[in-house]
Amino acid sequence: MERFAIDFGNERTTVAVEPIGVFGKGVQSLGLKPPISEVVVISDETVSGLYGGKILQSLSDAGFRSSSLVFPPGEKSKSLRVVERLYDELASRRFDRAGLVVALGGGVVSDVAGFVAATWKRGVRFAICATTLEAAIDASIGGKTGVNLPSGKNLVGVFHQPVHVGIDPHCLHSLDMRDIRAGLAESVKHALITSEEFFNWHEANVQAVMELQEGAIEELIIRNMKIKAEIVSRDARERTGERIILNLGHTIGHAIENLCSYELRHGECVALGLIAACRLSNKMDILDGRVTDRVVQILQLIGLPTKLELRIDADQIVEVIRQDKKAVGGASQFVLLEGIGNLVIRQDVTDAAIRDAFCSLC
Ligand SMILES: NC(=O)c1ccc[n+]([C@@H]2O[C@H](COP(=O)([O-])OP(=O)(O)OC[C@H]3O[C@@H](n4cnc5c(N)ncnc54)[C@H](O)[C@@H]3O)[C@@H](O)[C@H]2O)c1
Ligand SMILES: [Zn+2]
């Protein structure tokens, strides 16, 4: 089991890969000041049913007074309506500024609970117990919290670093295989961002990972957490531009996610977005087509979609991308590939090229 810390200047997140039964002790060992007055565990109904009792027990074993709050599972809960309901609950419990919010669940729960913690009484501390692969290797690291609006994904949010992130790989055994596959899309993204060696590792180990073999899954989680930690700690608030590389595959991916009314998982949209980013790079003559073939192959091996089965209009994709919050002065910034581990940011991607790349998925 592994523990490490990520420094964000004046904030710090500890990360632990360890059993859920010691989550409370992990928080206690941080010795937070002022001491935690009480803990509220926010979760979705599914995860709460599976692990809510265990985490409350571990918090109680560590001497914390705790209670829980739940909302329905799924991306549709990442809304201001759910946030408002949670505020009402906190108000009725008189949850004070010395309290700790714990997000127990996947990326939806950590985004929502983190946003609630960041804004409740101008900000209380929060911690994450990640229960999906997506959350373990991506969403739990870096402090991005927020919700969707009908007009777009993640449009409202704030940076708020968790004080602690725990992940028990055993929790992944109850996950749907579809969610394991979806989480792996982010790992392929991290490999494309960082190194050919990590990409090769995926080609060699993806079967063992999907069987949730202990060694392989732990190595996958730790390597991904460290990659994400390295990138976000250099640019905690996405100001210097270094963090934008994490957006690889997410510009078209988010647009698809938005337009499919969340019928596809986030990771499935990322898989499609990664292929579209490769094809855009091919079109702009900066990437060898053989790299794109390898990307398609690894995604197929994982069992992720490489073709879009739903009908989405290419013009709508372009429209959504224009509204993308990362657009600067009307020009969308695209993270493209010159090779594995070799990225470039371009603002000169035309609507026609976006349309072509998207249509190659249909
Ligand atoms: N903040 C960030 O930096 C960041 C990064 C990546 C993704 N995200 C966000 O994360 C979300 C996707 O995350 P996700 O895929 O974890 O979604 P999720 O939280 O909706 O979880 C997927 C499903 O799995 C269920 N589940 C969770 N853990 C389980 C377990 N151990 N066993 C059985 N079922 C379990 C949930 O109830 C849910 O139905 C998206 O909204 C995305 O935008 C945020
Ligand atoms: Zn993502």
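Modeller: Before we talk about the sheet: two strands count as paired if DSSP finds at least two bridges between them. And keep in mind that this is a predicted model.

Colleague: Fine. What is the strand order in the open sheet, then?

Modeller: The order is S1-S2-S9-S6-S5-S3-S4, seven strands with mixed pairing.

Colleague: Which strands are at the edges?

Modeller: Strand S1 (2-8) and strand S4 (66-71), each of which pairs on one side only. On average, neighbouring strands of the sheet are turned by 20 degrees against each other, with direction ignored.

Colleague: Stay with S4. In what sense does S3 pair with S4, parallel or antiparallel?

Modeller: Parallel: strand S3 (residues 39-44) and S4 share six bridges. To pick out one bridge, aspartate 44 is partnered by phenylalanine 71 in S4.

Colleague: And which helices lie across the strands?

Modeller: Helix H4 (residues 107-119) is one of them, lying across S3, strand S5 (100-105) and strand S6 (125-130). H4 runs at about 170 degrees to S5. Helix H8 (residues 214-234) lies across S1, strand S2 (11-17) and strand S9 (164-167), and runs at about 10 degrees to S1.

Colleague: Changing topic. How is the chain divided into domains?

Modeller: Into domain 1 (2-174) and domain 2 (184-359). Their centres, taken over C-alpha atoms, are separated by 26 Å.

Colleague: How many residues are in contact between domain 1 and domain 2?

Modeller: 26 residues of domain 1 are in contact with 26 residues of domain 2. On the domain 1 side, S1, S2, helix H5 (133-139) and strand S8 (152-159) each supply at least two residues. H5 gives the most, with five residues.

Colleague: Now the core. How many residues are in the largest nonpolar core?

Modeller: The largest nonpolar core has 108 residues, and Val101, Val102, Val116 and Leu274 have the most contacts inside it. Helix H10 (residues 266-283) provides the largest share, 10 residues. Domain 1 (2-174) and domain 2 (184-359) each contribute at least three residues to this core.

Colleague: Take Val102. What is valine 102 in contact with, leaving aside neighbours within four places in sequence?

Modeller: With those neighbours left aside, valine 102 is in contact with Val39, Val41, Phe126, Ala127 and Cys129.

Notes. Residues numbered from 1 in each chain as written. Chains lettered and ligands numbered in written order. Predicted model: local features only at pLDDT ≥ 70, side-chain atom pairs only at ≥ 80, totals over all residues. Core = buried A, V, L, I, M, F, W, Y, C linked by C-beta atoms within 7 Å. Buried ≥ 20, exposed ≤ 12 C-beta atoms within 10 Å, placed from the backbone. Helix = DSSP H or I, 4+ residues; strand = E, 2+ residues; numbered from the N terminus. Domains from an automatic or database assignment. Contact = placed C-beta atoms within 7 Å. Axes fitted to C-alpha atoms, helices over the stretch in contact; angles between N-to-C directions.
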